[in-house]
Amino acid sequence: MNALANLGLGFSVALEPTNLLFCFIGVFVGTFIGVLPGLGPIATIALLLPLTFKMAPATAIIMLAGIYYGAMYGGSTTSILVNIPGEAASVVTCLDGYQMARQGRAGPALGISAFGSFIAGTFGVVALMFFAPVLGAAALRFGPPEYFALTFLGLTLVSYLSRGSVPRAFLMAILGLLLGTIGMDPISGEERFTYGSLTLGDGLGLVPAAMGLFGIAEVLENLGKTLRGEVYETEIKGLLPNRKDWKESFWPIVRGSIVGFFIGILPGPSGAMSSFASYAMEKRLSRHPEKFGTGAIEGVAGPESANNAATAGAFIPLLSLGIPGNIVMALFVGALMIHGIQPGPLFIRNYPELFWGVVASMYVGNAMLLVLNLPLIGIWVRVLKIPYAILYPLIFLFCLIGVYSLNNNVVEIFIMVIFGFIGLLLRRVGFEGAPFLLALVLGPIMESSLRQSLLISRGSFTIFFSRPVAAVLMLLSLTCLVTSLIPAFKTKREELAARIGN
Amino acid sequence: MRKSVTITAVLFLALALGAFIEARKLPFGRVSAPQPGFFPLILSVLLAIIALLVLVEALKGREEGVVPREQLRWNKIGLALGALFAFGFLFESLGYLVTTFLFVTFLLRAVDREKWGVAIVVAFSASFLSYVLFGLLLHTPLPAGFLGI
């Protein structure tokens, strides 16, 4: 009953006119930038972050969360229509979604992904409602060894699943951890590696690095390419999936929701991971696996549901442990800290109206997306038809203003552009940006938890294996590490990673 | 491909060495009481070990997990990079509107060879509309520059 009372409190916050309005703005802007290639939720949230400083904390997070899951919706639209995933999480949607579009079934593909996302988003919100408080209570018993083990697992997973070889991904992760030590020491406050630079005194900015490695690098790469995806010229009619479609999609949506939510809890590239896991599972369970890749609706319904459920799951480590599982979550931490709110084990107890308000708003936002997306697909298609030559200067501009507006610091523009260039070069030789960025996010938490653990254990590393939760997490990481070196598993991993390709 | 991976690995090694030297200057503490230099030092050693691993892999000529990529037109990328840097240098002295107008015009004219008319119309509307959206509606602090606009 408590959950119901809490949800009531949540809806009373989410349905306030201001919050309703900003929820709408969030999901609308989110879908829009999800459709645009090279512009993701990171750049957008960075750009809108200063605006949220003047809002109430609940309103701010409601809008930013809307951008995040709205972008997931938008990303699938481009996957289906142009075969270009707007987001890493919708890479698998291309496989069957684009094939469906080519067979003239773009409508049902878009429709089922919208409905699947809605159902999964709803499931994710309900699950979040029940799990977050439980985990919040459990989180109070989390000590430094558990924090270290969890961040270690996150970095192992992102490296394990990245395209290219595991050693290269690890190299990028360690580089991220190393650059993450720039700035103030998390325990003693001593300055490290700043060399008198005021900009570096606060540490290497996450936003310039992320926008450089993803936004700028991607646009530069597209600019250098000659080929370009064409919008599939087809009349989109009949967005509503028929009875057969529903019958085929029902269980994939249910399974995708559950799997997606639990994968979402893990720090790391949970969106991409969950959509792939769902795809692989549906293909295995299907009575006609050979149809996958040729336009099977299950291949769209499952992954699309999974990545939306993962979005809800990703809030759990943030709100209950204070660990941001990805860059967007790290930006949420920034938005909360401005209002003097520290996410962590006490968050739900101390700010119930904020927590339940955001949860309820996600429910409202998912409903808005369903209503918004079905009739607006025509507009998104038109956005996709804007010539890239005109679009990319605007995307650059967006990134430039976004990074400048954070601290009004031109140096950060240069940091972003340099990261863009280096990111492009490294990408060309098979060194991916995702492990680097997650390491940059998790680095400070990892370092302080490692040092605190060693203080507690008086220098013995057995502390990570003698406590049950930490031990399980460490063993999971070590399993990934060991299997990536065994040849038989190696090819399997490469297939997996090539698909997820973060 | 093999050559570029080798070069990258060597660069990583050099970076690890640099980080090691710099980290040594910070207090290390003991394993039972780690100080600020502890984590960076461990990381620099790990970085070196894995960079060596990647180097050996590359020298042995193993091409695992490499996604073949099409050739890029680097001259276009170079021009765009130049424009981005120039934007950073001119932004605060010329002001938002002027810099943005020049930036978009340059990208459309020099990088993409659009017609002058198209370039100027797009650049003008992009700088004006983004100024209204960010500067006026969202109150993003945008530098005014010497012209005061």
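**Stop one: where the chains meet**

Start by colouring chain A and chain B separately: between them they bury about 6200 Å², and 75% of that is on carbon and sulfur atoms. Keep in mind as you go that this is a predicted model. Now select the contacting residues, 71 in chain A and 70 in chain B.

How many salt bridges are there between chain A and chain B? The count is zero. Polar contacts do turn up, with five residue pairs across the interface of chain A and chain B, both partners at pLDDT 80 or more.

To see what chain A brings to the side that touches chain B, select these elements, each of which gives two or more residues:

- α3 (41-52), α8 (166-180) and β2 (191-192) of chain A
- α10 (206-224), α18 (388-407) and α19 (410-428) of chain A
- α20 (433-456) and α23 (487-500) of chain A

Colour by class next: the side of chain A that touches chain B has 43 nonpolar, 11 polar and 17 charged residues.

Move on to the second largest pocket, with a volume of about 1400 Å³. To centre your view, pick A:Asp202, A:Leu204, A:Leu206, A:Ala330 and A:Pro444, the closest to the pocket's centre of the 44 residues that line it. By class, the pocket lining divides into 26 nonpolar, 13 polar and five charged residues.

Which residues line the largest cavity? Select A:Ile61, A:Phe315, A:Leu318, A:Leu319, A:Phe332, A:Leu336, A:Phe347, A:Leu354, A:Phe355 and A:Val358. In chain A, α14 (315-321), α15 (327-338) and α17 (352-384) each supply two or more of the lining residues. The space inside comes to about 70 Å³. This lining has 10 nonpolar residues, with no polar and no charged ones.

**Last stop: a salt bridge**

The count over all chains is 12 salt bridges. For one to look at, show the side chains of A:Arg105 and A:Asp245, which meet at 3.0 Å, N to O. A:Arg105 sits in the loop between α5 (91-102) and α6 (106-139) of chain A, while A:Asp245 is in helix α11 (residues 243-265). The two are 140 residues apart, so the pair links distant parts of the chain.

Note on methods. Residues are numbered from 1 along each chain as its sequence is written. Chains are lettered from A and ligands numbered from 1 in the order in which they are written. Side-chain values use heavy atoms; hydrogens and water are left out. On a 1 Å grid over the protein atoms alone, a cavity is a set of points where a 1.4 Å probe fits but cannot get out, and a pocket is an open set with protein on both sides within 12 Å along at least five of seven lines; lining residues have an atom within 4 Å of a point. Grid points are joined across faces, edges and corners, and a volume is the space filled by probe spheres set on the points. Helices (H or I, at least four residues) and strands (E, at least two) are DSSP runs, numbered from the N terminus. Ala, Val, Leu, Ile, Met, Phe, Trp, Tyr, Cys and Pro count as nonpolar, Asp, Glu, Lys and Arg as charged, and the others, Gly among them, as polar. Contact means heavy atoms within 4.5 Å. Buried area is the accessible area (1.4 Å probe) that two parts lose on being put together, summed over both. A salt bridge is a side-chain nitrogen of Lys or Arg within 4 Å of a carboxyl oxygen of Asp or Glu. A polar contact is a pair of N or O atoms within 3.5 Å; within protein, one must be able to donate a hydrogen and the other to accept it, and residues adjacent in sequence count only if both atoms are side-chain atoms.
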